[in-house]
Amino acid sequence: MKAYVFPGQGAQFVGMGKDLYDNNAAAHELFEQANDILGFRITDLMHAGTDEDLRQTAVTQPAIFLHSVLLAKSLGDEFLPDMVAGHSLGEFSALVSAGAMNFADGLKLVAARAHAMQRACELKPSTMAAVLALPDETVESICAEVPGVVVCANYNCPGQLVISGEIEAIDAACERLLAAGAKRALKLKVGGAFHSPCMEPARAELAEAIAATEIHTPVCPVFQNVDAQPHTDPAEIKANLIAQLTAPVRWTQTVRNMIAAGATEFVELGPGKVLQGLVAKIDRNVAVSGMQ
């Protein structure tokens with residue numbers, strides 16, 4: 001069985017999507033539609049902007065969404081997923097590609113999500129840190145002991161987690177994690193504490209927009225970040241999307257559950273090869289490939 005997976009923020013690169021724009025008439029039309037919906041020419045920034053342009057959350061998130069969704073659409077009748085999943089932002093790409101949302105609604109939600117997250121970042125200084133070579137339980141335990149807000153945000157693969165929270169709490173947690181034997185506990189160059197309680201203002205802001213968006217039954221199960229379980233019920237999908245901003249991305253658990261459900265091949269659609277690497281580390285017996 002074939003699983004399609006969609007990357008999140010951080011996979012962007014200058015030039016992304018240009019081949020699709022230049023050589024696929026349907027994709028070109030949707031790119032132009034996206035420019036109109038967003039109110040600025042995101043295609044110019046994607047194809048010929050700077051790294052700094054693409055690091056702006058309001059650009060990064062819709063750019064990755066566009067690239068991923070249009071890759072799926074470019075496959076036409078060959079896009080026959082048995083199941084889909086996306087890492088953080090990628091969950092929106094997965095839902096649109098699986099028919100749970102239309103293209104315009106998905107893009108509007110992604111743009112609203114990006115702006116809400118940026119505003120939440122500005123309200124309180126916060127950050128994230130990558131933690132390598134410790135068991136999940138050890139990282140969870142240390143985060144629970146540290147005063148302030150610090151939680152596990154991304155369960156990327158065994159031995160690779162990302163923690164998220166207030167700057168002082170992250171600093172204190174990193175010290176304890178290194179003392180506990182972490183190979184690395186390194187703060188990331190991000191604007192805030194994604195997938196943590198620090199994103200509560202963004203969750204509250206986005207909840208209304210998600211509630212007002214029409215969600216359809218997808219063509220296949222969508223394994224969602226918050227519980228790593230397959231969902232097809234529109235009400236459940238909405239509730240999980242709202243919870244996603246403050247809940248961890250359970251990617252390790254998601255991939256394992258997809259394999260347990262029969263997935264033998266994972267195809268990453270979107271910029272970069274991050275998810276291919278993570279899937280291979282979670283289970284080396286499955287086939288991985290990608291399109292970018």
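User: Which cysteine holds the sulfur closest to that of Cys152?
Analyst: In this predicted model, local features need pLDDT of at least 70 and side-chain atom pairs pLDDT 80 or more, while totals for chains, interfaces and linings use all residues. Residues are numbered from 1 along each chain as its sequence is written, and side-chain values use heavy atoms, without hydrogens or water. A disulfide requires two cysteine sulfur atoms within 2.5 Å. The closest sulfur to that of Cys152 lies 4.5 Å away, too far for a bond, and belongs to Cys143.

User: How many disulfides does the structure hold?
Analyst: Cys174 is in no disulfide, its nearest cysteine sulfur, in Cys143, being 8.8 Å away. The number for the structure is zero.

User: Is Cys152 buried or exposed?
Analyst: Buried means under 20% relative accessible area, exposed over 50%, and partly exposed in between (1.4 Å probe, protein chains only). Cys152 has a relative accessible area of 8%. Cys152 is therefore buried.

User: Which strands are the edge strands of the open sheet of four strands?
Analyst: The order is E4-E5-E3-E6, with antiparallel pairing (at least two DSSP bridges between two strands). Strands (E, at least two residues) and helices (H or I, at least four) are DSSP runs numbered from the N terminus. Pairing on one side only marks the edge strands, E4 (150–157) and E6 (184–187).

User: Which residue in E6 is the bridge partner of Ala129?
Analyst: Strand E3 (residues 126–132) pairs with E6 in the antiparallel sense over four bridges. The partner of Ala129 in E6 is Lys187.
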